[in-house]
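Hi,

Here is the structure I promised to pass on to you. Have a look at it first, and then read on for what turned up.

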Amino acid sequence: LGEVISIYGAPLFAFARRQSHGMLVPEDCEDLVNGFFLKCLEGDVLQRADQTKGRFRNFLARSFKNYMLNVDRAAHTAKRSPRDGFVSLQSLTDDLGPALEPRTEETPEDAFERVLRCSIFKRLLSAFESRCLAAGQEKKYQLFLLHEIKPRMDGTPAPTYAELARELHLASENAANKILLAAREEFRSLLLAEVSRDCESEKEIQVECEFVLASALHE
């Protein structure tokens, strides 16, 4: 359950915001998500997931939608939230910020998918940074961030290898190129491993990887 909460807490919060059409304040949506996870903890909600009937994320979104439709906020949800909560509105806002805001053209399911992909990307980028630092390869992460991530997020041209080599005090453009190639491969491996957990075919894995990158880098 802890893993489910860490991956799907933010997407379910976004789902609740969009499903409520502005009728619920963020704190209400936080209560709903916590109440749902408490129900998962106490019952067999997650055990009913069946991979032969589709992706786990779709099962979870449907289950949460049914929970929202059946819950009475005033009489039930407030009582169902655990004392400290599973999901913190403040931590979600700190982590994902504007990504949690509902889009007028989105369905609740669209909001769920978009925020899930942004969340996956942020977690993997953080994991990649930790791996690089632990291996004493801080410049690998910095190169990846400066060349692959920031330009796409900011809508600016990527720096040249010569510029990167000068900024990070590398021996040559070729050295910057080699390190960056290794960084791309390592991050791609992390991404493939993550999305393959909820995909049924190689083609679906590749498509989902592109969706994750597009959602996160254009948020």
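Let me start with R55, which sits in the loop that joins α2 to α3. Please keep in mind that the model is predicted. R55 counts as buried because its relative accessible area is 14%, under the 20% cut-off. Leaving out residues up to four places away in sequence, R55 touches D198, C199, E200, E204 and E208.

At least two lining residues come from each of α1, α3, α6 and α9, with α1 giving the most, four residues. By type, the lining has ten nonpolar, eight charged and two polar residues.

Now to the nonpolar packing. The largest nonpolar core has 56 residues, and L12, F36, F64 and F121 touch the most other members. Two or more core residues come from each of α1 (2–19), α2 (26–42), α3 (56–70), α5 (89–96), α6 (108–134), α7 (138–154), α9 (173–195) and α10 (202–217). The largest share, eleven residues, belongs to α6. As for F121, its contacts beyond four places in sequence are I149, F187, V212, L213, A216 and L217. There is also a second, separate core of eight residues, including L164, L168, A176 and L180.

Best wishes

Technical notes. Residues are numbered from 1 along each chain as its sequence is written. This is a predicted model: local features need pLDDT of at least 70, side-chain atom pairs count only at pLDDT 80 or more; totals for chains, interfaces and linings use all residues. Side-chain values use heavy atoms; hydrogens and water are left out. A nonpolar core is a set of buried Ala, Val, Leu, Ile, Met, Phe, Trp, Tyr and Cys residues joined through side-chain atoms within 4.5 Å. Buried means under 20% relative accessible area, exposed over 50%, partly exposed in between (1.4 Å probe, protein chains only). Contact means heavy atoms within 4.5 Å. Ala, Val, Leu, Ile, Met, Phe, Trp, Tyr, Cys and Pro count as nonpolar, Asp, Glu, Lys and Arg as charged, and the others, Gly among them, as polar.
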